[in-house]
Amino acid sequence: MISDATFISSEGDYLEAQIQVGGQRLIVMDCFGGEDYKTGEQIEIELSVGLAADECWDAIFSANPDAQQCLVPQIGWCYRAFGIVEAIDPEVSVHVGIATLIAPIETNDPQVIGQPIAWTIQRLDAHSIL
């Protein structure tokens, strides 16, 4: 999902960058060439899960009983993602409030659509849209 973001800072390509999306400040892996932007500049990026923690199916599907849709910062570019499954084909996509992300599960079962889930993102990536 393409997002409008405000560029804040970057330590360089494939290092930590800070952006603001939907009013939330995010620390992400800079896969968008942040060194070419100035603080406050509007950019278009796509957020993706760079690395996800290894969690079991039951833990993922039981961890969001209140059906939250948000990214909760942990440490650095690590987040706890809470969302609702939107689609299963070609991948399991989950709306987490400010973006739609691909969950670290695989299924062809349409009954999971609309189900709340949660998982840990060990690295959130931001890619350039060109």
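Mentor: A polar contact is a pair of N or O atoms within 3.5 Å; inside protein, one atom must be able to donate a hydrogen and the other to accept it, and residues adjacent in sequence count only if both atoms are side-chain atoms. The model is predicted, so local features need pLDDT of at least 70 and side-chain atom pairs count only at pLDDT 80 or more, while totals for chains, interfaces and linings use all residues. Residues are numbered from 1 along each chain as its sequence is written, and side-chain values use heavy atoms, with hydrogens and water left out.

Trainee: Which backbone nitrogen does the side chain of aspartate 109 reach?

Mentor: Aspartate 109 sits in the loop between strand E8 (100–102) and strand E9 (116–128). At 2.9 Å, its side chain reaches the backbone nitrogen of glutamine 111.

Trainee: Is aspartate 109 buried, partly exposed or exposed?

Mentor: Buried means under 20% relative accessible area and exposed over 50%, with partly exposed in between (1.4 Å probe, protein chains only). The relative accessible area of aspartate 109 is 33%, so the residue is partly exposed.

Trainee: In which element is arginine 80, and is the residue buried or exposed?

Mentor: Arginine 80 belongs to strand E6 (residues 79–87). Its relative accessible area is 17%, so arginine 80 is buried.

Trainee: With which side chains does the side chain of arginine 80 make polar contacts?

Mentor: Contact in general means heavy atoms within 4.5 Å. Leaving out residues up to four places away in sequence, arginine 80 touches several residues, including Ala63, Leu71 and Trp119. Polar contacts of its side chain, at 2.9 Å, are made with the side chain of glutamate 55 and, at 2.9 Å, with the side chain of threonine 120.

Trainee: How many helices and strands does the protein chain have?

Mentor: Helices (H or I, at least four residues) and strands (E, at least two) are DSSP runs, numbered from the N terminus. Their order in the protein chain is β-β-β-β-α-β-β-β-β-β. The count is 1 helix and 9 strands.

Trainee: What is the radius of gyration of the protein chain?

Mentor: The radius is taken over C-alpha atoms, and the globule rule is 2.2 Å times the number of residues to the power 0.38. For 130 residues a compact globule would be near 14 Å, which agrees with the value for the protein chain, 15 Å.

Trainee: How far apart are the centres of the positive and negative side chains?

Mentor: Lys and Arg count as positive and Asp and Glu as negative, without His and the chain ends. Each charge is placed at NZ of Lys, CZ of Arg, CG of Asp or CD of Glu. For the 4 positive and 20 negative side chains, the centres of the two sets are separated by 10 Å.
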